[in-house]
Amino acid sequence: MEGIDQCARWLAEEEAVRARLQPPGVASAEQLASHSGMEMFSAIFDGVLPQPPMGDTLGFIPIRMSSGEAVFQGRPQVRHYNPMGTVHGGWYAAILDSAVGCAIHTKLPAGRAYTTLELKVNMVRALTADVSVVRAEGKVIQVGRQVAIAEARIVGPDGKLYAHATTTCLVFDHRL
């Protein structure tokens, strides 16, 4: 019963976030370079900057960002299936990479950017369209001047773990 209640809460939170977001698009390089990570995410959640198109393509959206943390919510669908009839590993990797990368981005000041150097994903349970919704919850482990490390987990509303990941990212000056 708790999983059903949690699912309803997650879906309601998603609906509230969707109501505030702009359609998918790409912010200008100047907009990105002039905002800290947290300022950029605030602008996205306030509908000032567009949400990135990647999530729209793969059926997931940002739910919340705080310093060192990022939460994305996704709905596994048949269109994400591999030939084995389950969600393709690339979908797991994409939502996890978004969670770890954005968790790191929340810690970066204006004028700094990052890119993924390495992403390690462990899929521990198959996802299918029968799982109505999951969350990728990312947390920073460490952010340095040039290297940042974070981890994330994909979980269902019932607390089941579907995958976990770690990343190493390169941090650098944003170039216009």
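Predicted model: local features only at pLDDT ≥ 70, side-chain atom pairs only at ≥ 80, totals over all residues.
In which loop does V26 lie?

View 1. V26 is found in the loop between β1 (22–24) and α2 (29–34). With a relative accessibility of 70%, V26 counts as exposed, because the cut-off for that class is over 50%. When its neighbours within four places in sequence are left aside, V26 is in contact with P50 and P53. The C-alpha atoms of V26 and P52 are separated by 6.1 Å, although these residues stand 26 residues apart along the chain.

**View 2. Helix α3 and the glycine after it.** Helix α3 covers residues 37–45, and within it G37, M40, F41, A43, I44 and F45 are buried. G47 follows α3, and its phi is positive, near 80°.

**View 3. The six-stranded sheet.** Six strands form an open sheet in the order β3-β4-β6-β7-β8-β5, and their pairing is antiparallel. β3 and β5 stand at the edges with a single partner strand each, so one side of each is left without a neighbour in the sheet. On average, and with direction ignored, neighbouring strands of this sheet are turned by 20° against each other. In a regular strand, side chains alternate between the two faces of the sheet.

**View 4. The hairpin of β3 and β4.** Strand β3 (residues 60–66) pairs with β4 in the antiparallel sense, and six bridges join the two strands. Together β3 and β4 form a hairpin with two residues between them, and G68 in the turn has a positive phi of about 85°. Two places along this pairing can be picked out by residue: M65 has A70 in β4 as its bridge partner, while P62 stands opposite F72 in β4.

**View 5. Strand β4 and its pairing with β6.** β4 also pairs with β6 in the antiparallel sense, over six bridges, and along this pairing V71 stands opposite E137 in β6. Five of the six residues of β4 are buried, so this strand is largely enclosed by the rest of the structure.

**View 6. Helix α5 against the sheet.** In the open sheet with the order β3-β4-β6-β7-β8-β5, one side of each edge strand, β3 and β5, is left without a neighbour. Helix α5 (residues 89–105) packs on the sheet and touches β3, β4, β5, β6, β7 (147–155) and β8. The direction of α5 makes about 130° with that of β7.

**View 7. A salt bridge within helix α1.** The count for the model comes to six salt bridges, and one of them is formed by R18 with E14, whose closest N and O atoms are 2.9 Å apart. Both R18 and E14 lie in helix α1 (residues 2–20), four residues apart, which is about one turn of the helix.

View 8. The side chains of E69 and K139 meet in a salt bridge, at 3.6 Å from N to O. This pair links distant parts of the chain, since E69 belongs to strand β4 (residues 69–74) and K139 to strand β6 (residues 134–143), 70 residues apart. E69 counts as partly exposed at 33% relative accessibility, and K139 also counts as partly exposed, at 42%.

View 9. The side chains of D173 and R112 meet in a salt bridge with 2.7 Å from N to O. Here too the pair links distant parts of the chain, with D173 in strand β8 (residues 161–173) and R112 in strand β5 (residues 112–123), 61 residues apart. D173 counts as partly exposed at 46% relative accessibility, whereas R112 has a relative accessible area of 18% and is buried, because the cut-off for buried is under 20%.

Technical notes
Residues numbered from 1 in each chain as written. Heavy atoms only, no water. Salt bridge = Lys/Arg side-chain N within 4 Å of Asp/Glu carboxyl O. Buried < 20%, exposed > 50% of the residue type's maximum accessible area, 1.4 Å probe, protein only. Contact = heavy atoms within 4.5 Å. Pairing = 2+ DSSP bridges. Axes fitted to C-alpha atoms, helices over the stretch in contact; angles between N-to-C directions.
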